Amino acid sequence: MRYRFALSFAALLLAACDSLPRDAAGTTERIERTHAMRVTVLPGTPDAQPALALVGAYARDHGAHLRLIPIHGEHAHKALKDGEVDALIGHFAKASPWQADIALSKPVARGEPDDKEHPVLRIARRNGENALILATDQLVAQDPR
Amino acid sequence: MSLHSGIPDAIAADVRHGERLEWWTLAWIDSVVVVMALVMGASQAMKSAVIEDVLSLIPAIVFLLSVHWERKRANNRFPFGYRRANSLAFLVAATALLAVGGFLVYESVTTLVRQEHPTVGGITLFGHTIWLGWLMIAALVYSIIPPLILGRIKQPVAKRINDKVLHTDALMQKADWQTGFAAIAGITGIGLGWWWADASAALFIALSIIKDAVGALRQAVAELLDGTPRALDSNKLADDAERLIATLKARFGDVDVRLRETGRYIAAEVDCPPPATIPTGVELMDEKAWRLASLNFRPE
């Protein structure tokens, strides 16, 4: 009985290989349905263009366009946590105090700085939206540094 | 072996086998901790699994220490030897098991209450960015194999040498592989977008670990309070202890017989004058004669 369960679980896992991971709150599906990806560029991010290009490419892959949502300061992080925006673009340190609350990408268009406290351009995503997080991580990794 | 120190010849080989198994446990679980730490990323489920693995080393370590002390000779400062080190080790091992269960319950409940959505992103290896969850599942599969094998081998050895620490360690290994399976289900759940799957699976396993730990703690406390020897896997009286009481009563009449346990050894006290011929351990306990460390008679 136990072996049958393990085999069924393994078969389910293999079948799901291509479709994992999915978003906990369905952000990717919503982007595809509404044809819009809501992005906020944090104030004081003059070099946001490479990150905007990456999320723009992601949106195009899913038949959507970018909708820029102007939100200031702390409100932007809360808006991301609450699912009011899909991504934030801004300067974040690797050891950002927000690290546990939002999912930060690797630095965009540059390598990881030696100083963990040094803020660099990154894309922040809502925690648990693992399909969106993996897809944008792949785009950041492919981006020439 | 003397009355109060050393390991009886009848179980010496099995005790050495138990020691070898515990060294293997330390080596395997250390390697598991390293592999898991390399892939854990920001996953709370994986962090819990790593902490659980580190805590699971405690019974193996205290078993090795208690056997080392058991071999030491009695001396002026410890005239009854160090055999009770095993009882103390049992208490420590049971407490460690309870700590693992308690920690997993805390982690799971806080995750469910806060409705935390675990994030498992990508990792770039050899130019390809893949989902970190696949590496985590591979590491967890590796983490399941050693405890699954070692736990099963330890149980019969623990029974033969009547070692509750080794038995508790086998329970800890069961907790290890069950947590590993729960974590795999949890990571898969995260992949499917079910944020609650991970914590729910861990909570289910944690409750079973706590049940085992509370049982072990009750036995450990009974042993330290000089209770009648308990069975290896429950708080019931040990079968060989009940047989010994019946044998002593059959031989010396309806007298009070008290048994207590020091580590794996039994001390018996019979309320009657010493007989002309003192029965031997084999006469009283057959193949478990080594368990009977002392037999005292207390005339009225």
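Ser108(B) is buried in this predicted model, with a relative accessible area of 3%. The residue belongs to helix H4 of chain B, which spans residues 85–114. A polar atom of the Ser108(B) side chain lies 2.5 Å from the backbone oxygen of Leu104(B). Beyond its sequence neighbours up to four places away, Ser108(B) touches Ala199(B), Ala202(B) and Leu203(B). The points below extend from this site to chain B as a whole, to its strands and to two further residues, and then turn to chain A.

- Helix H7 of chain B covers residues 197–224, and the contacts of Ser108(B) include Ala199(B) and Leu203(B).
- The side chain of Ser108(B) also has a polar atom 2.5 Å from an oxygen of the backbone, that of Leu104(B).

**Overall architecture of chain B**

- Chain B contains nine helices and five strands.
- In sequence order, these elements follow the pattern α-α-α-α-β-β-α-α-α-α-β-β-α-β.
- Along the principal axes, the C-alpha atoms of chain B fill a box of roughly 85 × 35 × 30 Å.
- Chain B has 300 residues, of which 54% count as buried.
- Among contacts in chain B with a separation of 6 or more, 72% are between residues 24 or more positions apart.

**Surface and charge of chain B**

- The accessible surface of chain B is about 13,800 Å².
- Carbon and sulfur atoms account for 63% of that surface.

- Strand S4 of chain B comprises residues 265–270 and is mostly covered, with five of its six residues buried.
- Strand S3 of chain B, residues 257–262, runs antiparallel to S4(B), and six bridges join the two.
- Within this pairing, Arg260(B) stands opposite Ala267(B) of S4(B).
- The hairpin formed by S3(B) and S4(B) has two residues between the strands, and Gly263(B) adopts a positive phi near 60 degrees there.
- S4(B) also pairs with strand S5 of chain B, residues 292–297, in the parallel sense over five bridges.
- Ile266(B) has Leu292(B) as its bridge partner in S5(B).
- S4(B) therefore has an antiparallel pairing with S3(B) and a parallel pairing with S5(B), given that two strands pair if at least two bridges are found between them.

**Glu19(B) in helix H1**

- Glu19(B) lies in helix H1 of chain B, residues 9–39.
- Glu19(B) counts as buried because its relative accessibility is 15%.
- Apart from residues up to four places away in sequence, Glu19(B) touches Phe63(B), Leu64(B), Val67(B) and Arg71(B).
- The C-alpha atoms of Glu19(B) and Thr188(B) are 37 Å apart in space, with a sequence separation of 169 residues.

**Val214(B) in helix H7**

- Val214(B) is placed in helix H7 of chain B, residues 197–224.
- Val214(B) counts as partly exposed because its relative accessibility is 38%.
- Between Val214(B) and Val39(B), the C-alpha distance is 33 Å and the sequence separation is 175 residues.

**Chain A**

- Chain A contains five helices and five strands.
- Read along the sequence, the elements of chain A follow the pattern α-α-β-α-β-α-β-β-β-α.
- Of the 145 residues in chain A, 46% are buried.
- Residues 24 or more positions apart supply 68% of the contacts in chain A that have a separation of 6 or more.
- Chain A exposes about 7,900 Å², and carbon and sulfur atoms supply 56% of this area.
- Strand S1 of chain A, residues 36–41, is largely enclosed by the rest of the structure because five of its six residues are buried.
- S1(A) runs parallel to strand S2 of chain A, residues 65–68, and four bridges join them.
- Ala36(A) stands opposite His65(A) of S2(A).

Conventions:
Residues numbered from 1 in each chain as written. Chains lettered and ligands numbered in written order. Predicted model: local features only at pLDDT ≥ 70, side-chain atom pairs only at ≥ 80, totals over all residues. Heavy atoms only, no water. Buried < 20%, exposed > 50% of the residue type's maximum accessible area, 1.4 Å probe, protein only. Polar contact = N/O pair within 3.5 Å; in protein donor to acceptor, adjacent residues only side chain to side chain. Contact = heavy atoms within 4.5 Å. Areas by Shrake-Rupley, 256 points an atom, 1.4 Å probe, with all protein chains shown as cover.
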